Amino acid sequence: MTTEYLQTKGRIFDIQRYSIHDGTGIRTICFLKGCVLRCKWCCNPESQEYGIQEMTVQGKTKIIGRDVTVAEVMETVEKDRPYYHRSGGGLTLSGGESLCQPEFARDLLRAARAVGIGTAMESMGCAKWEAIGGILPYLDHYLMDIKHMDSEKHKRFTGKGNELMLENAKKIAASGQTFLSIRVPVIPTFNDTPEEIRAIARFADALPGVEEIYLLPYHRLGQDKYAGLGRVYELPDILPPETEHMERLKREVENCTKLRCHIGG
């Protein structure tokens with residue numbers, strides 16, 4: 001059997017082990033460089049540019065981004081195989097937008113599948129269908145962000161409209177090839193009203209096979225990175241939503257859909 005795909009090269013900026021987020025069980029998260037959106041609240045602004053960058057971290061200059069092969073990433077992923085087996089975990093691709101490097105993402109997932117490691121991917125689905133279709137055969141769990149149902153507001157806060165992403169969500173669900181979950185970053189001033197959350201939830205509920213939705217409360221953990229990159233953080237006055245508000249939004253989802261709704265995840 002050919003293993004040429006193990007030499008496929010890609011560009012990453014971090015690998016995080018022992019994560020209990022972004023998929024089931026204990027996971028290793030591989031963060032890929034590059035993104036098509038410019039979300040104003042992005043907590044990984046160093047992911048947005050594909051190019052290798054310098055970022056000031058605690059007064060020291062850090063190089064962000066390195067080129068690796070699939071085989072090199074898998075050396076790290078393989079170290080925690082016993083934890084994946086016991087917990088139902090595995091490899092998660094994140095970013096950025098993993099679909100900006102479709103061949104690398106596909107071959108990473110393929111390599112994990114080939115050795116019996118579960119696979120997941122966080123993605124906005126903002127890519128040509130051919131790129132997504134090439135990945136689905138190797139993907140157990142697609143964690144798809146849907147940020148807003150209004151394309152104009154989506155564009156104001158992320159840089160792009162939402163039409164392609166919503167169309168791809170329908171196609172992914174209809175394919176039946178992967179377990180699809182919808183995730184919503186809840187951002188005050190952008191999409192945190194009951195009406196906006198209900199609209200996303202109803203869309204998700206209409207997708208065949210979709211059973212759960214995650215409401216991810218806004219946080220400010222990535223704010224210092226903007227200064228480190230010489231950039232301005234565009235939402236300096238936004239505060240994380242209160243716990244009570246998140247619980248209310250959860251109830252709104254449960255009242256208008258059949259979906260299991262989670263806060264965080």
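The legends below describe close-up views of a predicted model.

Local features are reported at pLDDT of at least 70 and side-chain atom pairs only at pLDDT 80 or more, whereas totals for chains, interfaces and linings use all residues. Residues are numbered from 1 along each chain as its sequence is written, and side-chain values use heavy atoms, with hydrogens and water left out.

**View 1**
Strands (E, at least two residues) and helices (H or I, at least four) are DSSP runs numbered from the N terminus; two strands pair if DSSP finds at least two bridges between them.

**View 1**
Isoleucine 182 stands opposite isoleucine 213 of β10.

**View 1. Helix α1 and its buried face.**
In α1 (residues 70-78), the residues Val70, Val73, Met74, Thr76 and Val77 are buried. Buried means under 20% relative accessible area, exposed over 50%, and partly exposed in between, for a 1.4 Å probe and protein chains only. Down the axis of α1 these buried residues fall within an arc of 155 degrees, so they line one face of the helix; the arc is that of the directions from the helix axis to the C-beta atoms. They pack against β1, β2, β5, α2 (81-87), β6 and α3.

**View 2. Helix α5 and its two ends.**
Ser151, Lys153, His154, Phe157 and Thr158 are buried in α5 (residues 151-158). Their arc about the axis of α5 is within 160 degrees, so these residues line one face of the helix. The buried residues pack against α6 (163-175) and α7 (194-205). At the start of α5, a side-chain oxygen of aspartate 150 comes within 3.3 Å of the backbone nitrogen of glutamate 152. Just after the helix, glycine 159 has a positive phi of about 95 degrees.

**View 3. Lysine 153 and threonine 189.**
Lysine 153, in helix α5, is buried at 17% relative accessible area. Not counting residues up to four places away in sequence, lysine 153 touches His148, Thr189, Phe190 and Glu196. Threonine 189 lies in the loop between β9 and α7 and has a positive phi of about 80 degrees although it is not a glycine. With neighbours within four places set aside, threonine 189 is in contact with Lys153, Phe157 and Ile238.

**View 4. Glutamate 252 and arginine 198.**
Glutamate 252 belongs to helix α9 (residues 243-256) and counts as buried at 16% relative accessibility. Its side chain forms a polar contact of 2.7 Å with that of arginine 198. A polar contact is a pair of N or O atoms within 3.5 Å; within protein, one must be able to donate a hydrogen and the other to accept it, and residues adjacent in sequence count only if both atoms are side-chain atoms. Leaving aside neighbours within four places in sequence, glutamate 252 is in contact with Pro194 and Arg198.

**View 5. Backbone geometry at glycine 96 and aspartate 22.**
Most residues other than glycine have a negative phi, and most peptide bonds are trans. The peptide bond from glycine 95 to glycine 96 is cis, with omega near 10 degrees; glycine 96 is in the loop between β6 and α3. Aspartate 22, in the loop between β1 and β2, has a positive phi of about 60 degrees. Aspartate 22 is buried at 12% relative accessibility.

Key
Contact means heavy atoms within 4.5 Å.
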